Amino acid sequence: MKKIILIVDDESTIRWILKVTLEVKDFTVLEAASGEEAIRVAKQTQPHLVIMDYKMPDMSGWKTTAEIKKISPNTIVIGHTGYANEQNVQEGFDSGCSEILHKPVDLDEWERTIAKYLD
């Protein structure tokens, strides 16, 4: 059974880069461009792992993470942010993120982090 990964980012370029990279690794990849969309997709699919951007147009990625964790407590959430100050990172962990990675996206780091949780 393929593992399902949900990419949540309002930047379509980042979603596309991650999607192409992960589909080659034989994951089923879903996308959401907002927090509300991510919550709907998570309710429908129960993804194994979520890649969550912090800054979203409708609600923060950390608030979205907390909502997804209520729906699916075992879903792993890896946050990513360009606002990597100590308070923001701690809020990410408090919301339920297992890891926080920093922008710009480093594909090797993403692959290692995802493999840590899904291999």
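**Figure 1. The buried residues of helix α2.** In this predicted model, helix α2 spans residues 35-45, and its buried residues are Gly-35, Ala-38, Ile-39, Val-41 and Ala-42. Buried denotes under 20% relative accessible area, exposed over 50%, and partly exposed a value in between (1.4 Å probe, protein chains only). Helices (H or I, at least four residues) and strands (E, at least two) are DSSP runs, numbered from the N terminus. An α-helix has 3.6 residues a turn, so residues three or four places apart point the same way. Lys-43 and Gln-44, on the other side of α2, are exposed.

**Figure 2. Surroundings and ends of helix α2.** The buried residues of α2 pack against strands β1 (4-8) and β2 (28-32) and against helix α3 (61-71). At the start of α2, the backbone nitrogen of Glu-37 has a side-chain oxygen of Ser-34 within 3.2 Å. After α2 comes Gln-46, with a positive phi near 50 degrees. Residues are numbered from 1 along each chain as its sequence is written. Because the model is predicted, local features need pLDDT of at least 70 and side-chain atom pairs count only at pLDDT 80 or more, while totals for chains, interfaces and linings use all residues; side-chain values use heavy atoms, without hydrogens and water.

**Figure 3. Thr-81 in strand β4.** Strand β4 comprises residues 76-81 and includes Thr-81. Thr-81 counts as buried because its relative accessibility is 1%. Apart from neighbours within four places in sequence, Thr-81 is in contact (heavy atoms within 4.5 Å) with Tyr-54, Trp-62, Asn-88, Ile-100, Leu-101, His-102 and Lys-103. Lys-55 is 26 residues from Thr-81 in sequence, and their C-alpha atoms are 7.3 Å apart in space.

**Figure 4. Thr-113 in helix α5.** Helix α5, residues 107-118, contains Thr-113. With a relative accessible area of 8%, Thr-113 is buried. Residues up to four places away in sequence aside, Thr-113 touches Ile-78, Glu-99 and Leu-101.

**Figure 5. Trp-16 in helix α1.** Helix α1 covers residues 12-24, and Trp-16 lies in it. Trp-16 is exposed, because its relative accessible area is 55%.

Terms used
Polar contact = N/O pair within 3.5 Å; in protein donor to acceptor, adjacent residues only side chain to side chain.
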